[in-house]
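Colleague: Please take a close look at the place where the two protein chains meet, and then relate that place to its surroundings. I would like the terms spelled out as you go.

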Number of protein chains: 2
Amino acid sequence: MTSTEPTLRPTRQRLAVAAALEQFSDFRSAQEVHEALRATGDNVGLSTVYRALTAMADAGEIDMLRSEVGEAVYRRCSGSHHHHLVCRTCGATVEVEGPAVEKWTRAVAAEHGYTEVSHTLEIFGTCSNC
Amino acid sequence: MTSTEPTLRPTRQRLAVAAALEQFSDFRSAQEVHEALRATGDNVGLSTVYRALTAMADAGEIDMLRSEVGEAVYRRCSGSHHHHLVCRTCGATVEVEGPAVEKWTRAVAAEHGYTEVSHTLEIFGTCSNC
DNA sequence: GATAACTTGACAATGATTCTCATTATGAAT
DNA sequence: ATTCATAATGAGAATCATTGTCAAGTTATC
């Protein structure tokens, strides 16, 4: 089957959302991105920000994770698969890779007969500045 | 400082919530637990179910994690620290332990100067029955 | 059994996220 | 360039999980 997904168009709004994320180094919620855009005069509807972010996350262009309170937060992505070490206080984020962990999750899943495996792994802590 | 938390009382409602969780082997949301209680005639207010679940989770008596869509789901707990391998389709859950992972997260955090470390790690997949 | 503190529950209030749908913009093909 | 089919937008309504409110009910203690 060829892709059933509609083609994404690089509209002013989507470019603005992408540009906004470039300015941040830590995770931001859709609401925060929307607010940041309004502040710079780039008016983009809230619904559109939500749509742009989820689309970009689905396409693997940005990272998405859930904060400890369950809100979806996004961040520009470095490309390869990795996890995050996030400061609980100031939000400072460090990208970390763990080949061993990847291997382990795959092994554990296989051992129990699970397929199509995905996983979430986030580390929260207090950074040295806080 | 001694505990500032008020003492928890084993009320009918809290016992009912605990008993309900005992009957399930997989993760359930507060709404689902509430519905299950209503079905058996145990009438417990929705707010109370929420309060009981969060209190039990805070006390470490049950596990809480966020489903892929961000809802809080709970499950009776086996005691020691562990993670979960959850079937995306039927919810079947396997508890898994990974000393290596625990060690790794601690090491990574320390390496970057992060303290008071906690982490979330959940594995999602499709079990052999689905 | 009087009392102070903890609980409960019905319902309102939040707040993030999604949906609706009329209008507009985009890309490809004339 | 003009047309056309389709994707995208935005304002606001609609969802839905979760939390807050507060008066009335319980519980442990003295």
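Modeller: A polar contact here is a pair of N or O atoms within 3.5 Å; within protein, one of the two must be able to donate a hydrogen and the other to accept it, and residues adjacent in sequence count only if both atoms are side-chain atoms. By that rule, 18 residue pairs are in polar contact across the interface of chain A and chain B, with both residues at pLDDT 80 or more. The model is a predicted one, in which local features need pLDDT of at least 70 and side-chain atom pairs count only at pLDDT 80 or more, while totals for chains, interfaces and linings use all residues, and side-chain values use heavy atoms, with hydrogens and water left out. Residues are numbered from 1 along each chain as its sequence is written, with chains lettered from A and ligands numbered from 1 in the order in which they are written.

If contact is taken as heavy atoms within 4.5 Å, chain A brings 36 residues to the interface and chain B brings 36 residues. A salt bridge would require a side-chain nitrogen of Lys or Arg within 4 Å of a carboxyl oxygen of Asp or Glu, and the count of these between chain A and chain B is zero. The size of an interface is often given as the accessible area lost when the parts come together. Buried area is that loss, computed with a 1.4 Å probe and summed over both parts; for chain A and chain B it comes to about 2900 Å², of which 62% is on carbon and sulfur atoms. On the chain A side, the residues that lose the most area to chain B are A:Trp104, A:Tyr114 and A:Ile123, which together make up 23% of what that side buries.

The elements behind this surface can be named once helices (H or I, at least four residues) and strands (E, at least two) are read as DSSP runs numbered from the N terminus. Strand 4 (83-87), strand 5 (93-96), helix 4 (99-111) and strand 6 (115-126) of chain A each give at least two residues to the side of chain A that touches chain B. The largest share of that side comes from strand 6 of chain A, with 12 residues. By class, the side of chain A that touches chain B holds 17 nonpolar, 13 polar and six charged residues, where Ala, Val, Leu, Ile, Met, Phe, Trp, Tyr, Cys and Pro count as nonpolar, Asp, Glu, Lys and Arg as charged, and the others, Gly among them, as polar.

Strand 6 of chain A also takes part in a pairing between the chains, two strands being paired if DSSP finds at least two bridges between them. Nine bridges join strand 6 of chain A to strand 6 (residues 115-126) of chain B, and the two run antiparallel. Within this pairing, A:Thr115 stands opposite B:Thr126.

Of the atoms of DNA strand C within 4 Å of the protein, 65% are sugar and phosphate. A side-chain N or O atom of B:Arg51 lies 2.5 Å from a base nitrogen of DNA strand C. Around DNA strand D there are 22 residues, with A:Thr11, A:Arg14, A:Thr48, A:Arg51 and B:Tyr50 nearest. A side-chain N or O atom of A:Arg51 lies 2.5 Å from a base nitrogen of DNA strand D, while one of B:Ser47 is 2.9 Å from a base oxygen of DNA strand D.

Key:
Near = heavy atom within 4 Å. Buried area = accessible area lost by both parts, 1.4 Å probe.
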